[in-house]
Amino acid sequence: MTNPAFQSRRKFLQNIGYISVGFSFFPGCAAESDPVMASRIDYLGDLPRVMERAHQVNAWLQVLADGRVKVYSGKVELGQGIRVAIQAVAAEELDMDLDRVAVHLAETGVTPNEGYTAGSGSIKSSAMSVRYAAATARSELLKLASARLEAPLENLTLYNGTIRSTVDDKSIEIQNLLQGKQIETTVTTPVPIKAKDQHKYVGKAIPRQDIHKMVAGEPVYIQDLRFPGMVHARIVRPPNHRSELVSLDDARLKQQVPGIIKTVVNGNFLGVMAQREYQAVKAERYLREHSQWTTPQTFPAMENLYDHIRDIADAPENIRDDGEAAATLEKGNTLKSTYTKPYIKHGSLGPGCAVALYDREVLHVWSNSQGIYPLREALAAMLSMEPDNIHIVSVPGPGCYGHSTPDDAAADAALLALEYPGKHIRLQWSRDDENSWEPYGSAIIADLAASLDENGKIEAWISDIWTDSHSTRPNKDAGTLLTARQLENPSQMQSPGYRGGGHRNGDPYYAIPNLQLNAHYFDGPLRVSSLRSLGAFANIFAIESFMDELAEVAGKDPLDFRIEHLDDQRAIAVIQKVKAMTAAETVGAGEGLGYAFSRYKNYDGYAAVAVRLKVDAASGGVSLIKMWAAVDHGEVINLDGLKNQTEGGMIQAASWALHEQVTFDQEKITSTDWSKYPIMRFNDIPEVEVAVIDRPLEPVLGGGETAGPPTGAAIANAVYRASGKRIYDLPITLEKISNQQ
Amino acid sequence: MPRYTLNVNNTPREVEAEGDTPLLYVLRDHLELNGPKFGCGVAQCGSCMVLIDGKAAVSCTLPVSSVGQSEITTLEGLADDNGKLHAVQEAMVQEQAAQCGYCLNGVIISAVSLLNKNPNPGISDIKNALQANLCRCGTHTRMIKAVAAAKNR
Ligand code: FES
Ligand code: FES
């Protein structure tokens with residue numbers, strides 16, 4: 001039952017450079033002696049899809065020589081607290097103290113290939129796989145012990161790594177039971193998992209271990225990696241994506257800037273390496289001043305963006321068509337509105353960064369990519385290397401909220417590493433690079449039309465959504481990497497990526513007999529990819545603004561109107577909850593209280609959001625006073641983590657709704673720093689209150705993206721109540737409120 | 001190349017760097033400190049903040065040649081001689097006031113600077129003091145709570 005090759009590969013990889021293992025110290029959960037063992041119930045449902053590939057217990061979990069347990073997950077830490085959630089799940093099933101479980105996050109050749117860490121799937125996929133693997137491990141260990149101790153199974157307990165007989169003093173520790181071997185059993189249903197009402201960690205607020213390191217200034221992030229002899233690199237990016245390098249004069253660079261190692265030119269890719277980081281910064285500046293690029297006009301005039309989008313869109317594709325929506329709308333009593341959302345940025349607080357080392361055999365890359373295995377494929381394609389000769393270690397980074405720049409930074413670093421073998425190259429993007437070159441969240445137009453019947457119920461609804469792609473994440477197509485598009489032999493993206501994300505939540509979750517959804521895809525002027533909640537933010541802004549408009553026409557209370565159109569009791573429950581949370585609010589002059597609801601992806605987590613705000617009558621300026629959310633994500637794994645994600649998602653969405661917009665002229669992106677792309681600051685932050693409806697017997701639903709979409713709509717609805725002005729075009733700025741008739 | 005003796009976290013530290021090198025790069029690259037972070041390089045986000053003579057300041061635009069003998073304190077230098085963390089640091093852990101945590105350095109430095117001059121700030125004082133700091137994850141409310149809790153420690 002061992003697999004020595006797998007073991008030694010892990011060992012080998014662990015000896016190269018920095019790997020954070022992360023045993024935790026969590027005194028609050030110390031073991032009591034003589035625990036009562038929780039009962040187990042057979043789980044008979046589906047196993048996560050990733051378990052088709054990684055089906056053996058030892059792919060997920062190994063017993064170390066000292067009896068602690070190490071859990072492997074192919075997901076990466078993005079600030080969502082996945083590490084502690086996975087730790088809790090494993091500790092729970094094995095009846096172990098938390099600090100005896102370490103979690104090893106994504107590393108190629110070591111952890112399971114779990115694709116991307118995205119779409120709020122980490123808990124559903126990774127933590128659940130670990131749950132079933134750990135539960136299987138437990139029953140295998142008990143079976144082994146039963147044979148070894150010659151004791152019947154029902155007399156044995158496993159607690160904190162020791163298996164004991166309850167009738168005599170026989171016992172054995174799990175590491176002695178396994179003797180260096182690992183459990184290779186395939187995980188199959190039924191899996192005996194711990195009864196959820198007897199959970200000790202799962203569902204509770206479990207503190208994260210990494211925050212202690214963060215506050216003390218310990219090395220945590222990709223930016224903090226240091227290796228002996230490491231050198232620093234910067235890239236000089238072109239003015240825009242169609243620019244070409246005409247000439248470069250770097251003859252005097254070494255005289256002007258000390259410490260220069262090398263300039264690398266490959267087509268329109270221009271990089272420079274230096275001994276010290278600030279020397280690389282100065283070299284980048286020097287090269288920018290001493291290079292000439294073409295600057296073709298490549299973007300439409302910004303004020304015509306939405307017309308431009310309509311012009312270039314493909315013929316519409318019908319996504320859903322229930323009943324007779326078009327015919328019913330023609331009968332009249334129809335309301336139509338158009339809503340728009342501009343391009344917005346991920347805007348990670350730390351620009352892209354990566355470290356790479358080519359040891360003349362294997363290319364090692366340290367990255368905060370959300371998908372190290374797909375990144376490996378993309379790098380292999382760009383560099384014409386075998387994937388097996390590329391080793392990628394996931395290291396936490398600053399939050400990036402979707403596909404932002406870590407992969408491109410990794411590609412830059414990899415390319416430079418091949419040019420300068422034997423040295424660790426640390427590549428850091430500038431803020432200007434980050435703001436100008438990250439793949440944005442697509443601009444979206446939503447044309448909505450609906451009609452009401454004689455009882456004021458929605459009879460028909462048509463959504464027409466204009467959208468670009470929502471994922472151009474790395475894959476075996478090298479063109480998914482920015483770097484590859486700029487090389488002498490460039491690769492352009494072969495496919496438009498995942499466009500379906502654009503109409504995510506484009507069809508309302510409400511029960512409407514005649515319902516149609518059409519997608520109008522376009523290949524827009526700006527680089528785009530997935531940004532937290534994809535199209536759902538724009539689409540829910542549109543749908544939930546429109547629901548308030550329809551409720552007003554129908555002469556109904558907006559929340560009652562929503563409930564009238566819902567048959568899902570869990571959806572109704574979150575709305576009732578948020579209604580109760582705000583029941584005592586008294587709204588002052590110039591203030592408004594707005595609501596919105598959504599079920600993310602129409603099959604994932606539920607959220608109802610309320611926002612109380614004030615509109616300054618003179619200026620039109622909006623100040624948020626308080627935001628509430630009631631959410632239901634099924635079984636809760638880490639209550640505090642879920643609340644933290646929900647609060648953060650709401651504040652980020654509020655910032656999108658009120659402030660954010662990528663700006664450009666016809667030659668370049670102009671929102672190149674935080675003064676030109678302002679986001680919410682501390683003075684704008686309202687109070688936030690989140691209620692979680694825990695449903696321990698329901699499947700886990702994703703948590704990171706649920707509350708953001710309705711937050712934008714609730715703000716728009718509150719602005720309307722406060723000022724009488726309905727804003728159709730994001731962001732909701734002071735000019736739009738004060739200028740509108 | 002010029003040499004400077006900086007006073008960092010109560011220790012004299014000798015560095016060799018061109019005089020225009022911003023303090024941030026000296027702290028991170030030469031002195032291998034992790035507290036101050038690079039976020040924008042143009043004094044707009046607060047990620048790189050340090051205390052200079054007890055007051056929060058951005059380090060990404062401050063040339064090392066202008067630092068002189070000022071006392072520079074980074075996140076690493078906030079703990080007391082026994083290694084006990086500063087009340088603001090402890091409160092951030094207590095409130096679990098981080099998602100990615102990349103902004104925490106600047107937020108903690110700004111908060112310590114505030115408490116240095118105003119031991120009993122109200123919520124709006126706290127918000128004002130953190131106005132130079134960006135947090136992209138939206139962890140603001142927890143951070144505000146943490147600073148309010150820290151003042152009572
Ligand atoms: S890095 Fe210094 S303020 Fe942003
Ligand atoms: S916690 Fe991520 S930027 Fe503040």
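Start by selecting A:Arg131 and A:Glu93. These two residues form a salt bridge, with their closest N and O atoms 3.9 Å apart. A salt bridge here is a side-chain nitrogen of Lys or Arg within 4 Å of a carboxyl oxygen of Asp or Glu. A:Arg131 sits in helix 4 (residues 122-149) of chain A and A:Glu93 in helix 3 (residues 82-94) of chain A, so the pair ties together parts that are 38 residues apart in sequence. Helices are DSSP runs of H or I with at least four residues, numbered from the N terminus.

A word on what is loaded. This is a predicted model, in which local features need pLDDT of at least 70 and side-chain atom pairs count only at pLDDT 80 or more, while totals for chains, interfaces and linings use all residues. Residues are numbered from 1 along each chain as its sequence is written, chains are lettered from A and ligands numbered from 1 in the order in which they are written, and side-chain values use heavy atoms, leaving out hydrogens and water.

Over all chains, the structure holds 46 salt bridges. How many lie across the interface of chain B and chain A? The rule finds seven there. For a salt bridge between the chains, select A:Glu647 and B:Arg142: their closest N and O atoms are 2.9 Å apart.

Now show both chains. The contact takes 53 residues from chain B and 64 from chain A, where contact means heavy atoms within 4.5 Å. About 5000 Å² is buried between the chains, and carbon and sulfur atoms give 53% of that. Buried area is the accessible area (1.4 Å probe) that two parts lose on being put together, summed over both.

Next, select helix 11 (residues 372-383) and helix 12 (residues 406-419) of chain A. They pack at an angle of about 40°, with axes 11 Å apart. That makes helix 11 of chain A oblique to helix 12 of chain A. Oblique covers angles left over after under 35 degrees (roughly parallel), over 145 (roughly antiparallel) and 65 to 115 (roughly perpendicular). Among the residues that meet are A:Leu379 of helix 11 and A:Ala414 of helix 12.

Last stop: helix 2 (residues 87-94) and helix 5 (residues 140-150) of chain B. Their packing angle is about 135°, and their axes are 8 Å apart. Helix 2 of chain B and helix 5 of chain B are therefore oblique to each other. Select B:Ala87, B:Val88, B:Ala91 and B:Met92 on helix 2, then B:Met143, B:Ala146, B:Val147 and B:Ala150 on helix 5; these make the contact.

Terms used
Axes are lines fitted to C-alpha atoms, for helices over the stretch in contact, and angles run from 0 to 180 degrees between N-to-C directions. Helices (H or I, at least four residues) and strands (E, at least two) are DSSP runs, numbered from the N terminus.
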